[in-house]
Amino acid sequence: MALFDVIRYAGEPDVFAWKYPDCELRLGTQLIVNESQEAVLVREGRALDVFGSGRHTLSMANLPLLGELVKLPFGGRSPFTAELWFINRAHKLDIRWGTPTPVQIQDAKYGVFVPVRVNGSLGLRVEDSRRFLVKLVATQPVFDQEALVRFFRGLVVSKVKDAVSACLVRRKISVLEINAWIDELSQQMQQAIQPEMSEYGLRLATFHVNDISVPEEDEAVQRLRSALAKRAEMDIVGYDYRQERSFDVLESAAKNEGAGASLMGAGLGLGMGFGLGKPVGAAFGELAQDMQHSGGAICPACGAAVPAGAKFCPECGKALQRRCPKCGGKLDGSPKF
C-alpha cells in the first residue's frame, strides 16, 4: 500500500474530472485543492464529502459522511478505501461543437429538403460536483473536454435541428437566408439545452452559433439557388413567372414563321388571360389587323388565324362571316367581287 502525505491535482487544463490513481488513503494525509476546483470522496458509487479550494487534512472531523460508512477510528493514521476525485469548476468558454454530418431540413419557403451544416462554440462550468460525478463521469478515470463534447453531441444536434426548423417556419424564410437570424437562434438553443445540462450538474454559460452552411455541390441546393437568382432577375426587370412564360411563347412564334400565324391567336389569349398589360395587348391587335389586310382573317369564336378565302375556321370548325379586305364590308353568299 502506497503512503502519500500530500495529494494534489495533476490533470491537464482541459480535464473536467480527474481521479487520484490510488484508492488506499490514510487519515492525516494533506489534501491540496486549487482555486476553481473541488475534491470529492466517492465510495461504492456515492459521492460523499466535498472539499473546496485550500489545504485540508483528512480526519474524522472533515469526513463525516465517509466515517459513517467505514467506521473510521479517532486519531492515528488509519487507512481507508475510497476514490478521490478532483473536479475542475473553471469556466470553459472555447468548447467547439458542430453537426458531424449534414442535417436534412425542409425549406419552409420552397418546400425542398436541404442538407444543412451548423457549427459553433459553447461555454460551461460544473455547478454541482456530486451530481456531475455520479450521473456523467461514472467509472471513467478521466473526463475531459473531448469526452464531454462526444457525450452531448446528439443532444446539441437534435436541438439545433428543431431550432433551425422552427425559425424557418416562424420567419417564413429560406435556409439560404437563415444566417441573418444567428443571434436569435443562439439564444433559443441555449434556453433549450440548459435544462438538459442541469440534470448532469452543469451550467451552460454561453452558446453561440457561428455558421449555418449548405453543401454547394448538392443538387437541391443548386436548384434552390437557381430559383432565387431567377426571382431576383424578375424583380429587377419587373415581371413575374407567368409573364415570362408568355414571352417565351412569343419568342418561339417569332422563330418559327410557319407556326406564327396559328400561335398569334393563342398568344392574344395568353396576353389577355395573364394580364400582360395594354402594351402587349395593343401589339397583338396590330398584328391581327396586319393579318386581315394581308388577306387573312381572325376566327371570332376561338381567335385563331384563318387563311384568306376559307369558309370555316381550321381550328374550331365554325362557319366564318367573310368581309371585304378593302372596306371591311360583309360578303354574303359566294360573290366574286
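Two strands count as paired if DSSP finds at least two bridges between them. Strands themselves are DSSP runs of E with at least two residues, while helices are runs of H or I with at least four residues, and both are numbered from the N terminus. Please keep in mind that this is a predicted model, in which local features need pLDDT of at least 70, side-chain atom pairs count only at pLDDT 80 or more, and totals for chains, interfaces and linings use all residues. Residues are numbered from 1 along each chain as its sequence is written, and side-chain values use heavy atoms, with hydrogens and water left out.

Let us begin with an open sheet of three strands, ordered β1-β4-β7, whose pairing is mixed. Its edge strands, β1 (6-8) and β7 (54-57), each pair on one side only. Strand β4 (residues 30-33) and β7 are antiparallel and share four bridges.

Next comes an open sheet of five strands with antiparallel pairing, in the order β6-β5-β9-β2-β13. At its edges stand β6 (46-51) and β13 (142-144); each has a single partner strand, so one side of each is left without a neighbour in the sheet. Further in, β5 (residues 37-43) runs antiparallel to β9 (residues 83-88), and six bridges join them. Here V42 has E83 as its bridge partner in β9.

Finally, find helix α3 (residues 145-171), which lies across β2 (15-19) and β13. The helix runs at about 70 degrees to β13, where axes are lines fitted to C-alpha atoms, for helices over the stretch in contact (heavy atoms within 4.5 Å), and angles run from 0 to 180 degrees between N-to-C directions.
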